[in-house]
Amino acid sequence: MNDCIVKPFTPDELFNVLLKYNSKITKPAISVPIQKAHVVTTQHINLSYLNKTSNGDQSFIQEMVEAFLKTIPEIIAEIDNHSQNNEWQKVGKAVHKIKPSLTLLSLSDLKNLAVQIEEIASNTPGGNQLLTAKTIQFVSGLELVLNELKALTF
């Protein structure tokens, strides 16, 4: 393995890594125009990164939002179940599943909280008050985002 691209990534990021390792590839002289799209921003959600990553493809953006709407309630239930049973490493794994989605929706505060929960859960398998508080805060943030996404129309 010579390199790594962290998900989610843009087509330009992928192309630049490929270019780095293959001198026969040349960057096209004509770039693909970015589609003009309405970028949705609410109190907690900013879809500008998702818009950039998808090259303004509104149907893709809608698919990602719908997938998030379907996945989040399942993740919240999973986190609640594992935290009630003091299965903190499983809480960390559940939180890890949605980190790429948090990046796509530019939810940096929730992503940072997810990283903290993962770290504490892996280092403190039995949990502690800080982990419990951060998990509650994380779930509350997800519920806020979920409600905002439900209110969006495309």
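Visitor: What elements does the protein chain have, and in what order do they run from the N terminus?

Guide: The model is predicted. Its protein chain has 7 helices and 0 strands, so that the elements, read from the N terminus, run α-α-α-α-α-α-α. Of the 154 residues, 34% count as buried. Among the contacts with a separation of 6 or more, 56% are accounted for by residues 24 or more positions apart.

Visitor: How is the packing of two helices described?

Guide: Two numbers describe a pair of packed helices: the angle between the axes and the distance between them. Here, helix 3 (residues 58–84) and helix 4 (residues 88–97) pack at about 165°, and their axes lie 8 Å apart. Helix 3 and helix 4 are therefore roughly antiparallel, as an angle over 145 degrees counts as such. Their crossing is left-handed.

Visitor: Which residues of helix 3 and helix 4 make the contact?

Guide: Helix 3 contributes Ile75, Glu78, Ile79, His82 and Ser83, while helix 4 contributes Trp88, Lys90, Val91, Ala94, Val95 and Lys97. By class, the residues of this contact divide into 6 nonpolar, 2 polar and 3 charged.

Visitor: What lies in the loop between helix 3 and helix 4?

Guide: Asn86 is located in that loop. The phi angle of Asn86 is near 55°, which is a positive value in a residue other than glycine.

Visitor: At what angle do helix 6 and helix 7 pack, and how far apart are their axes?

Guide: For helix 6 and helix 7 the angle is about 150° and the axes are 10 Å apart. Helix 6 is therefore roughly antiparallel to helix 7. The crossing of helix 6 with helix 7 is left-handed.

Visitor: Which residues meet in the contact of helix 6 with helix 7?

Guide: On helix 6 they are Leu110, Leu113, Ala114, Gln116, Ile117, Ile120 and Ala121. On helix 7 they are Leu130, Leu131, Lys134, Thr135, Gln137, Phe138, Gly141, Leu142 and Val145. This contact has 11 nonpolar, 4 polar and 1 charged residues.

Visitor: Where is Leu144, and what is its relative accessible area?

Guide: Leu144 is in helix 7. It is partly exposed, because its relative accessible area is 44% and the class spans values between 20% and 50%. The C-alpha atoms of Leu144 and Ile45 are separated by 9.8 Å, although these residues are 99 residues apart along the chain.

Visitor: Where does Ser106 lie, and what is its phi?

Guide: Ser106 belongs to the loop between helix 5 and helix 6. Its phi is near 55°, a positive value in a residue other than glycine. With a relative accessibility of 29%, Ser106 counts as partly exposed.

Technical notes. Residues numbered from 1 in each chain as written. Predicted model: local features only at pLDDT ≥ 70, side-chain atom pairs only at ≥ 80, totals over all residues. Heavy atoms only, no water. Axes fitted to C-alpha atoms, helices over the stretch in contact; angles between N-to-C directions. Helix = DSSP H or I, 4+ residues; strand = E, 2+ residues; numbered from the N terminus. Parallel < 35°, antiparallel > 145°, perpendicular 65-115°, else oblique. Left-handed = near helix turned anticlockwise from the far one by under 90°. Contact = heavy atoms within 4.5 Å. Nonpolar A, V, L, I, M, F, W, Y, C, P; charged D, E, K, R; others polar. Buried < 20%, exposed > 50% of the residue type's maximum accessible area, 1.4 Å probe, protein only.
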